[in-house]
Amino acid sequence: MTDKTSDNPFFARVWKTLSSSEPKALRRLRRDNLAGLSGRVLEIGAGTGTNFAYYPSTVTEVVAIEPERHLAEVARRAAVQAPVSVTVTSDTAERFSSTEPFDAVVCSLVLCSIDRPDTVLRQLFSMVRPGGELRYLEHVAGSGWRAGMQRVADATVWPRLFGNCHTHRHTERTIADSGFQVEVAHREIAMPDWVPLPVTEFAIGRAVRPA
């Protein structure tokens, strides 16, 4: 889930464990984030392929990018079981290119871990057809005491332990600045609010490249 080709076995082990036991609320958000998609889809930071099972039958093809080689191996196994056609590539988001535009791009828990999300989002904007969508499900900057906890986490061990994840990012602002128009968005707490973790709040939404 980083923006450079990586070999991070520690993080891969951690992420495999976390993704195999996600809370029901987070699995529901994944399903909601993909609902109604159709055509050709690009997924950034596929991880272990957790999203693959939730793609609707109206999707004709998914190209999934996962540069961490241990996670990419798991994602390829998940692709075999997916209800739609999925191809997993180990390219990075920056290096990936396609001569054919995509109908939609999916970002799930990945923009928090990319070094330059503004650069990547502008590139994704260029790869989506006019009228195409960006679907996102991301950790975002909170407020109050949780914002302070996020800043401390980001400045200390959290990015090192969790694949460069930065929890206090204003992701929706960055999406809008890249040219996408956010049309539907809301936030949800996918874990109990009292849990002292910096990643309990998620933003889920749909943004469109203007036609």
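**Note on the predicted model**

1. In helix α5, the residues Arg-146, Ala-147, Gln-150, Ala-153 and Asp-154 are buried, where buried stands for under 20% relative accessible area, exposed for over 50%, and partly exposed for what lies in between (1.4 Å probe, protein chains only). These residues lie on the same side of α5 because they cover an arc of only 125° around the axis, the arc being that of the directions from the helix axis to the C-beta atoms. The face of α5 turned away from this buried side carries Trp-145, Val-152 and Ala-155, which are exposed.

2. This is a predicted model, in which local features need pLDDT of at least 70 and side-chain atom pairs count only at pLDDT 80 or more, while totals for chains, interfaces and linings use all residues. Residues are numbered from 1 along each chain as its sequence is written, and side-chain values use heavy atoms, with hydrogens and water left out.

3. Helix α5 covers residues 144-155, and its 12 residues reach 17 Å from the first C-alpha to the last, close to the 16 Å expected at 1.5 Å a residue; the expected span is 1.5 Å times one less than the number of residues. Helices (H or I, at least four residues) and strands (E, at least two) are DSSP runs, numbered from the N terminus. The buried residues of α5 pack against α6 (158-161), with contact taken as heavy atoms within 4.5 Å.

4. Seven strands form an open sheet with mixed pairing, in the order β3-β2-β1-β4-β5-β7-β6, and two strands count as paired if DSSP finds at least two bridges between them. At the edges stand β3 and β6 (181-189), each of which pairs on one side only.

5. How do strands β2 and β3 pair, in the parallel or the antiparallel sense? Strand β2 (residues 59-65) and strand β3 (residues 86-89) pair in the parallel sense, over four bridges. The chain passes from β2 through helix α3 (residues 69-81) to β3, and this β-α-β crossover is right-handed, meaning that, with the strands pointing away from the viewer, the path from the first strand over the helix to the second runs clockwise. Within this pair, Ala-64 stands opposite Val-88 in β3, and Ile-65 has Thr-89 in β3 as its bridge partner.

6. Ile-114 sits in the loop between β4 (102-108) and α4 (117-127), and with a relative accessible area of 1% Ile-114 is buried. From C-alpha to C-alpha, Ile-114 and Glu-133 are 20 Å apart in space, and they are 19 residues apart in sequence.
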